[in-house]
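Hello,

Here is the structure for your first look. Please open it beside this email and follow along.

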Amino acid sequence: MSNATTPEDRRDAAQSLPFAFAVALGLGLLPLQDTPVDALELAIALVALAAVMALATLTTLRPNAPRWLALLVPYAYVAAITLLRMATGGNRSGYAALLYLAPFWVALRGTRRQVLGVTIAMFASQVVQTTLMDDVANAGSSIRGALLTALVIGMMSLAVQSSVSALRAAETRVRREADARAQANERLEHSNELLERSNRDLEQFAYVSSHDLQEPLRMIRSFSQLFAQRYAQQVDDDGRELLGFVTDGAERAQSLVADLLEYSRVGTSDRPFEDASLGDVLERALDVLAPMIEESGARVYRPDSLPLVHGDPGQLERLFVNLVGNAIKYRDPHRKPELRIESSRIGQSVRVDVIDNGIGFDDEHARRIFLMFQRLHAHGEYDGNGIGLAICARIVERHGGRIEAHGVPNEGSVFSFTLEAVAA
Amino acid sequence: MTPLSLDSIEILLVEDNPGDVRLTQEGFAHAKLHNRMWLAPDGETAMRMLRREDPFDACPRFDLVLLDLNLPGFSGFDVLRAMKHDESLCLVPVVVLSSSNAERDVRASYAGHANCFVTKPANFEGFVDVVHAIEHFWTNVARLPTHG
């Protein structure tokens, strides 16, 4: 209820204060049209009204206001009326009407307890006023009239209070829901930001570490080679074998680090996308792979034309190099490697399939295949470090497309990806 | 700081990594070249050697600088900038040698008027080949400015 004050509540209360004063002043002047304005009376009425209103408002403005301050509201009301009576020599004052505004104000700004208190105080003061101070002859009708006035005003302020409470409760509920939503949004944004930052940090870490790792690996490999060249005759077979492990290990670590570096670069690249000819991209990729294609005797079937796509040509070339390179690498030793590249248009996107007749794989590994360092074959059987397809997935992901793989063991596999087409 | 071989052009190698210094020396030895190679272990020493300041007044006028980018303190880029802003040094060709092949390093090097950018090869044979190629190009193919 009114205890649940929000900053908006407080602002409302503060802003409506001067307005209430203006209205009160106008209303208070009404019964005085034919009598001269008594400045003292007006001043006392305004101050008294202000005191009651301020007390009621204060307890709302400051939820932590002392309890006695809230209880003081009806007493202040009685005191204000009494003060006015005394100042005007017990005569019925025109400005006393001003004080009838207090219950409404309290109803708007105060607690239910305060409204009840003020209402009771109003009844009491009316009774006291009419019985003790008014002309005894008119006492009967005065008491009735005064009680009636007090009753009407009291009921009205109670009604105002309950509707205000209901309104305020509804408002609070709506506001709370909005707050909760805003908070949830904020939390989401915050965690998103954290995630983005941690991703960036991770990429930066991968970049820096792989970059810095290249240096010592280059040393190990170069000097173990130099050592082998110069001293191979002075060590026995066992020594040469051990040295071979050093060189091989360094070489593998180098390729791993180079691929990691490339993987991290896919994410950190800030090269803007352009309209790229997929045909040209594939052409360049096949040029890169020419020695491998020739050595394996692979036959590559490709479409006469490929569409324009929206993307980074360098990364798309890498995508083709990795996929076509994989298709040749995982060839079945018992048959001539054949691979087909096909493309089809699906709505706004282009789908490309790279189909091979290689060793294939079990479809249940289809998802795992794109994860970093996941290999389906033992070292030695097929070379590789398990980053190539992770790089592919990352490139396609960065282009807003999808990549998937299907395989049949000993028959072949299909790698498909989608890219955003450039509208013709 | 010490002449490493005899004859022909004077080369200044700016390199802090002893391994790379050795590899470059081995590369030169392997390629049986006769140029003199001097060594500056950091960027500041390189600038003082190039300007032949005390105690490097015995240094020759260098014909070619092999510059590693990743130097402690005064970096390779700082050396490149200082050289290209120095009237007496801006004509000396600079070959940037880097273990990085990061696009931004390549771009920054050429933007700083490096004469070429070479990524240090990952193995010994590659290194020998590159040193040989650099030597061959700058001594036999390219025409260098004569010292005024």
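Gly297(A) follows helix H8(A) and has a positive phi, near 70°. Helices here are DSSP runs of H or I with at least four residues, strands are DSSP runs of E with at least two, and both are numbered from the N terminus. The model is predicted, so local features need pLDDT of at least 70 and side-chain atom pairs count only at pLDDT 80 or more, while totals for chains, interfaces and linings use all residues. Residues are numbered from 1 along each chain as its sequence is written, and chains are lettered from A and ligands numbered from 1 in the order in which they are written.

Stay with H8(A), residues 278-296. The helix has a kink of about 60° at Leu289(A), shortly before Pro291(A). (The bend is the angle between axes fitted to the seven residues ending at a residue and the seven starting there.) Leu289(A) is also one of the buried residues of H8(A).

(Axes are lines fitted to C-alpha atoms, for helices over the stretch in contact, and angles run from 0 to 180 degrees between N-to-C directions.) The contact residues include Leu319(A) and Leu323(A) of H9(A), and Ile391(A) and Ile395(A) of H10(A). (Contact means C-beta atoms, placed from the backbone, within 7 Å.)

Now chain B. Five strands form an open, parallel sheet in the order S2-S1-S3-S4-S5. (Two strands pair if DSSP finds at least two bridges between them.) S2 (36-40) and S5 (116-119) stand at the edges with a single partner each, so one side of each has no neighbour in the sheet. The twist averages 20° from one strand to the next. S1(B), residues 10-14, is joined to S2(B) by five bridges. In one of them, Ile11(B) partners Met37(B).

Last, where the chains meet. The contact takes 10 residues from chain B and 11 residues from chain A. On the chain B side, H1 (18-30) and H5 (124-141) each supply at least two residues. H1(B) gives the most, with three.

Best wishes

Notes:
Buried ≥ 20, exposed ≤ 12 C-beta atoms within 10 Å, placed from the backbone. Contact = placed C-beta atoms within 7 Å.
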